[in-house]
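Thanks for coming. I have one structure to walk through this morning, so please look at the screen.

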Amino acid sequence: YTDVDMQQNTDFLAEGMKILNEHIKENRRLPAARFCYYFSCVAYIFRNYDLAGDMMEKKWKLENNHYKRNDVFGLACFFDCLISIALALKMKEDKWTNHALECFEEVKKHADRTSHRVLLLEAEMDTLMGKTDNVVSKYNSTIYAARESKHIHEEAIANERAGDFCLSKGDVRASHYHGEACRLYLQWGA
């Protein structure tokens, strides 16, 4: 990224946070929760897991006791699960592992429409639990399923996660997966 790109991203985030805070101040909980959801997804994709976790927790508070939650076919739970896994791996706190398990169960309810999400979360949960024997195969199945269902951004995420896993194991395939993730993110418009 150039300095101009970084400044535009900073300006965008600052403007979005301003709007989010206005919604919270005016007690418009549902729009505020949607902003939090959006920011948590963007923060996750840009690997700012702390911000993603903060936004996710703020969303939970805003949605607490609210009859309408921001979740379409388990998409919010999918990202909540990815964020929780990332934070569980980083912080080693049971709170995040337990939340990841809860979200994973919720995402599985929509497996008929979004099998690639379930496959990715299975690979991520296996990594979290230390069951890594077949993880690369699961990532490859995820990549294929996401490609078939034309979810390019989730294909990119799967490639990135496969690359990160391979890198952590000293596996030379990491560069291939990371290269594919970069290509797909650019194709998607990120």
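I will go from the overall fold to helices, then to charged pairs.

This is a predicted model, in which local features need pLDDT of at least 70, side-chain atom pairs count only at pLDDT 80 or more, and totals for chains, interfaces and linings use all residues. Residues are numbered from 1 along each chain as its sequence is written, and side-chain values use heavy atoms, with hydrogens and water left out.

The protein chain has nine helices and zero strands. Helices here are DSSP runs of H or I with at least four residues, strands are runs of E with at least two, and numbering starts from the N terminus. Of the 190 residues, 46% count as buried. Buried means under 20% relative accessible area, exposed means over 50%, and partly exposed is in between, using a 1.4 Å probe and protein chains only.

Take helix α2, residues 29–45. Its 17 residues reach 24 Å from the first C-alpha to the last, close to the 24 Å expected at 1.5 Å a residue. The expected span is 1.5 Å times one less than the number of residues. Buried residues in α2 include L30, C36, Y37, F39 and I45. After α2 comes R47, with a positive phi near 65°.

R47 also belongs to a network of salt bridges with E124, E160, R161 and D164. A salt bridge is a side-chain nitrogen of Lys or Arg within 4 Å of a carboxyl oxygen of Asp or Glu. How many does a search of the whole structure find? It finds 14 salt bridges.

K59 and D80 meet at 3.1 Å, N to O. K59 lies in helix α3 (residues 49–63) and D80 in helix α4 (residues 75–91), so this pair ties together parts that are 21 residues apart in sequence. Both K59 and D80 are buried.

Next, the side chains of D126 and K138 form a salt bridge at 2.5 Å, N to O. D126 is in helix α6 (residues 115–129) and K138 in helix α7 (residues 135–148), twelve residues apart. D126 is buried, with a relative accessible area of 15%, whereas K138 is partly exposed at 25%.

The pair E180 and R183 meets at 2.8 Å, N to O. Both residues sit in helix α9 (residues 174–188), three residues apart, about one turn of the helix. R183 is partly exposed, at 40% relative accessibility.

That is the tour; I will take questions now.
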